[in-house]
Amino acid sequence: MREKIMYLLAAAGIGLVTWTLYKVWFVLPKEANVAAYQILYFHVPAAFTAFTGFFTALVLSGLYLGTGNLRYDALAAGVVEVALAFASINLITGMIWARYAWGIWWTWDARLTSMLTCWLIYAGYLILRRAIDEPTQRARLSAFLAILGCVDVGFVYKSIEWFRTQHPSPVLSIRSGGGMGPGMETPIYWNWLAMLCLGTVLVMVRMRQEEISREIDSLRRLAHAY
Amino acid sequence: MNALDVEGVWKYYGDFPALREINIQVAAGSTVALLGRNGAGKTTLLRILAGLSKPTKGKVRVQGEDARQESTRRRIGVLGHGISLYDELSAIENLLLFARLYGVPNPVKRADEMLERTGLDRVRDGLVREFSRGMRQRLAVARVFLHAPDLLLLDEPFTALDDRAIAVLHALLEETHQRGGTVVMSTHQLREALELATHVALIQRGQIAFAGERRQEMLVDTGWLYRTYGEN
Amino acid sequence: MTFLRQSLAIAAKDLRSEMRTKEALNASLAFAVVIFLLFSFAFDPANLNIDVNDYAGGLLWLAFAFAGALSLNRSFARELQNDCLDALVASPAAPGVLFLGKALANFALLLAVEIVSLAVFSVMYDVRLRAQLGWIIMVILLTTWAITVIGTAFSALTVNLRMRELMLPILTYPFLIPALLAAILLTADLFAGKPISAANAIWLRVLVAFDVIFSLLAVVFIDIVLVG
């Protein structure tokens, strides 16, 4: 049953991505003045997916604290890992596009800088988890960090955005520059859906891994205690 | 009303059950010796009773109220493995800090009283850093009894104490017993604990293997309990 | 009321402890001055073509943040000695009280370091403080509280972990970016003699919001961290 869901979601995700790729390359009118803008169709949804992940981790951490069920903690960790992967995709595609559009790898654009900061916050979450062996303590402390982290993401995003309105830098967006026509934005949202599907599959795989490692850990404790 | 009610307590560390279905009732005024091998769960149970840890399942009630409530913790005294004193503070400063946290009336007077009881009145203003080991232990004991607790939780108290400190501890425990206070102490030193105890509980692999009144057989042959109820 | 009284007792205990040795205080201060010195090789304050006020704000807060990490690390770490943390958690003091008490002590210590370093800094980098001294102090108070709240919370988080000294900075600095950003911008303007106007008032609001929200979150949720 679980495998069936995974295959279904993977297929849906890949299908959607293929379809949007087709639309972006062959159907939509090209933006003549902006180089390699097609990458934005992955850059932007990756950010949406990452933030969805961060928020989901907050909810899951809250559920763990409320119920004490370690499954929620494992799920939160898996979601953060996948969210971080999508954040990385956002950063890398952003840098590639900056290179094409502006000739430089990093432009200190508000959204890139914010995403980098969020990336560091959640990388810290994963580093914290790695430093704690005992599962219940790990769950508790991670939950605390996830809650504060998600609230901080809001602060980070807004404050860096306001900073950049006062101190402008090259902006990675064709919306603010040339203005995207109607219909050109929908592939972004389809890709977001695709990434959510693929992200869910990855989380499910990760969950299974965590479950197995927890079993091994408790067996180890059992063996050592007696 | 019982001094302590432990109902269906389980404690998991991940998937590992450190405590399994612990059910104990401790009547007020009793002194319970908590026995068990290393890793059996004694310290885990004591930490839960002290409010340092929350049980995964089940409830702990001290005099009818939840163990983590502020009013309950005011009535509990805890002595762990460490002395729980600040090296950079003086004896009186250490006691005053805890007196304030526990809401002791007339904190200075009470702190001086305890210093006298434990023979530390002459080093009242000395820094703990400079104390000998025996003095630190006696001050630790002073701290535990400072707020005249109704329930004492002692984790292997006799292990680290020297003779003078043990004498002080005995005297204070006796006083607590006279007041109707309750004591739960985990220990390896069977002889000393059994002499003081009115009741005995044996923990094994996270479960209670035996809980009941102290019997004469236990004093005569200290290994009896382990042989009869324990595993070998 | 008991909440405040107990917090102050714990804050007093931390301060008293620290004042007896002054280890963290001296180390933080020395560290801040060393950072100022090192920066002078990168940014050469003697160069009259560069307006020092452009980067003075950033410099100052970087130095404060780094120096702060030194003393914040010790905050909960000093409770581990002799098992004091257990005694505090077992006491009637709520975990929020423990947190607040330690945060207040850390705040006082960090503030002391900052005020002395600020004097040194203004001399080394020829920065004029008098014009907007009141606002400068306000910004210092707000930002120092932000650093303290996050730093103390994460000090509690990492107290029992293996790589405690390394983990604290890794976790704390990204979190503090909004507050440090606001402080840097405000300080840059204030050093240049510009008052708080509609343009930069938003950064004051960011600082206040940051302080209020994270103080509440920390006090409310710290028992998750402290009680096993």
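Helices here are DSSP runs of H or I with at least four residues, and strands are runs of E with at least two, both numbered from the N terminus. With that in hand, let's walk through chain B of this predicted model. Its secondary structure comes to 10 helices and 10 strands. The radius of gyration of chain B is 18 Å, close to the 17 Å that the globule rule gives for 232 residues, so the chain is as compact as a globular protein of that length.

Now look inside. Buried residues account for 51% of the 232 residues in chain B. Of the contacts in chain B between residues at least 6 apart in sequence, 68% join residues at least 24 apart.

Next, find the sheet. Six strands of chain B form an open sheet in the order β6-β7-β8-β3-β9-β10, and their pairing is mixed. At its edges are β6 (76–79) and β10 (207–213) of chain B, each pairing on one side only. From one strand to the next, the twist averages 15 degrees. Within this sheet, β3 (residues 31–35) and β9 (residues 199–204) of chain B pair in the parallel sense over four bridges.

Finally, turn to the neighbouring subunit: 26 residues of chain B are in contact with 21 residues of chain C. On chain B's side, α2 (70–73) and α3 (91–101) each supply at least two residues, and α3(B) gives the largest share, five residues. By class, this side of chain B has 11 nonpolar, seven polar and eight charged residues.

Definitions and conventions. Residues are numbered from 1 along each chain as its sequence is written. Chains are lettered from A and ligands numbered from 1 in the order in which they are written. This is a predicted model: local features need pLDDT of at least 70, side-chain atom pairs count only at pLDDT 80 or more; totals for chains, interfaces and linings use all residues. Two residues are in contact if their C-beta atoms, placed from the backbone, lie within 7 Å. Ala, Val, Leu, Ile, Met, Phe, Trp, Tyr, Cys and Pro count as nonpolar, Asp, Glu, Lys and Arg as charged, and the others, Gly among them, as polar. Two strands pair if DSSP finds at least two bridges between them. Axes are lines fitted to C-alpha atoms, for helices over the stretch in contact, and angles run from 0 to 180 degrees between N-to-C directions. The radius of gyration is taken over C-alpha atoms; the globule rule is 2.2 Å times the number of residues to the power 0.38. A residue is buried if 20 or more other C-beta atoms lie within 10 Å of its own, exposed if 12 or fewer, and partly exposed in between; C-beta atoms are placed from the backbone.
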